[in-house]
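Hello,

Here is the structure I said I would pass on. Please read the notes under it with the model open beside you.

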Amino acid sequence: FDSRDGVIWFDGQFVDWKDAKVHVLTHGLHYASAVFEGERAYGGAIFKSRQHAERLIESGRILGFKVPYSVDEIVAAKDETLARMGFENAYVRPIAWRGSEMMGVSAQNNTIHLAIAVWEWPSYFKPEERLKGIRLDIAEYRRPDPKTAPSRSKAAGLYMICTISKHAAEAKGYADAMMYDYRGYVAEATGANIFFVKDGKVHTPTPDCFLNGITRQTVIELAGRRGIEVVERHIMPEELGGFTECFICGTAAEVTPVSEIGPHVFKPATITETLMNDYMAEVQPKPAAVAAE
Ligand code: PMP
């Protein structure tokens, strides 16, 4: 991944992709003092770019540091990186981290860095293929109590249990894993939020110990526009067998139907398909507003 052609925005400058390096004694590497974003550009426009920039800054604030760029500067930097790479449809990855001046748990004065990389990451599936659904394992790790970890931050450290869980699921032939939370309620997948359908209503866990994803919020809004009721609540594992449809959603996953979670089987149907199609329509760049006057 580090030997591609192209450029990466690095602390305000464009550097060659291959030269976008950090020192091995970087605090972010040793102590996970790093926060990042995952975004997608569709037709040359980054979907909800400002909201992602705001979340990045907020993630850093939760970890006790200030990302040294404003929302406007970050939005502009992302657009410029996308333009320089010449991609229309791409994944956008900003990351901010504590640098290498001091090495220890405390690193009060370390410089905060920001880098932005973009790469092509097409939606893998055709809609009809996607509708078959993916299979989820049930993860052994649980989303931690917000008093145990800064769960509202998209912090690198919180992904340790996600990578472990996803690897374990993949080793068993599953696409991903569903995680419970510290209380035993259904939480989310390793990099996406989760939704269920029963009797024409959508149910999704209350995001009180994991990211309230930007895609999740978009899907709730889209369901609202269709008059589909969305219930945000705590979902018990015993309820899984009672849902008929299930899907996960996130910037990378978009809306991806789920066919199985452990022993439970779901059949992607009308509501999943509607929201999947509505999401793909929603992310398309809006035609520039025609000058009215
Ligand atoms: N939960 C986790 C753990 C994630 O990594 C992501 C992806 N950022 C999400 C949920 C969904 O967030 P979003 O819709 O903002 O991409």
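This is a predicted model: local features need pLDDT of at least 70, side-chain atom pairs count only at pLDDT 80 or more; totals for chains, interfaces and linings use all residues.

Residues are numbered from 1 along each chain as its sequence is written.

Domains

The protein is divided into domain 1 (7–119) and domain 2 (127–282), with bounds that come from an automatic or database domain assignment. Taken over C-alpha atoms, the centres of domain 1 and domain 2 are 26 Å apart. Across the boundary, 16 residues of domain 1 are in contact with ten residues of domain 2; contact is taken as C-beta atoms, placed from the backbone, within 7 Å. On the side of domain 1 that touches domain 2, the elements giving two or more residues are β3 (34–36), β4 and α2 (49–62). Helices (H or I, at least four residues) and strands (E, at least two) are DSSP runs, numbered from the N terminus. The most comes from α2, with five residues. By class, this side of domain 1 has seven nonpolar, four polar and five charged residues. In that scheme Ala, Val, Leu, Ile, Met, Phe, Trp, Tyr, Cys and Pro are nonpolar, Asp, Glu, Lys and Arg are charged, and the others, Gly among them, are polar.

Strand β4 (residues 39–42) pairs with β6 (residues 90–98) in the antiparallel sense over three bridges, pairing being at least two DSSP bridges between two strands. Alanine 41 has alanine 90 in β6 as its bridge partner. β4 is also joined by two bridges to β5 (residues 45–46), again antiparallel, and here tyrosine 42 is partnered with alanine 45. β4 and β5 form a hairpin with two residues between them, and glycine 43 in the turn has a positive phi of about 55°.

Helix α6 (residues 214–225) has twelve residues and spans 17 Å from first C-alpha to last, close to the 16 Å expected, where the expected span is 1.5 Å times one less than the number of residues. Its buried residues are Ile214, Thr215, Arg216, Thr218, Val219, Leu222 and Ala223. Buried means 20 or more other C-beta atoms within 10 Å of the residue's own, exposed means 12 or fewer, and partly exposed is in between, with C-beta atoms placed from the backbone. After α6 comes glycine 227, with a positive phi near 75°.

Single residues

Lysine 48 has a positive phi, near 50°, and is not a glycine. Lysine 48 lies in the loop between β5 and α2, and counts as partly exposed because it has 18 C-beta neighbours inside 10 Å.

Glutamate 254, also not a glycine, has a positive phi of about 55°. Glutamate 254 is in strand β15 (residues 254–261) and is buried, with 21 other C-beta atoms within 10 Å.

Methionine 280 is in helix α7 (residues 270–282) and is partly exposed, with 15 other C-beta atoms within 10 Å. Methionine 280 and isoleucine 134 are 146 residues apart in sequence and 18 Å apart in space, C-alpha to C-alpha.

Regards

Key:
Two residues are in contact if their C-beta atoms, placed from the backbone, lie within 7 Å.
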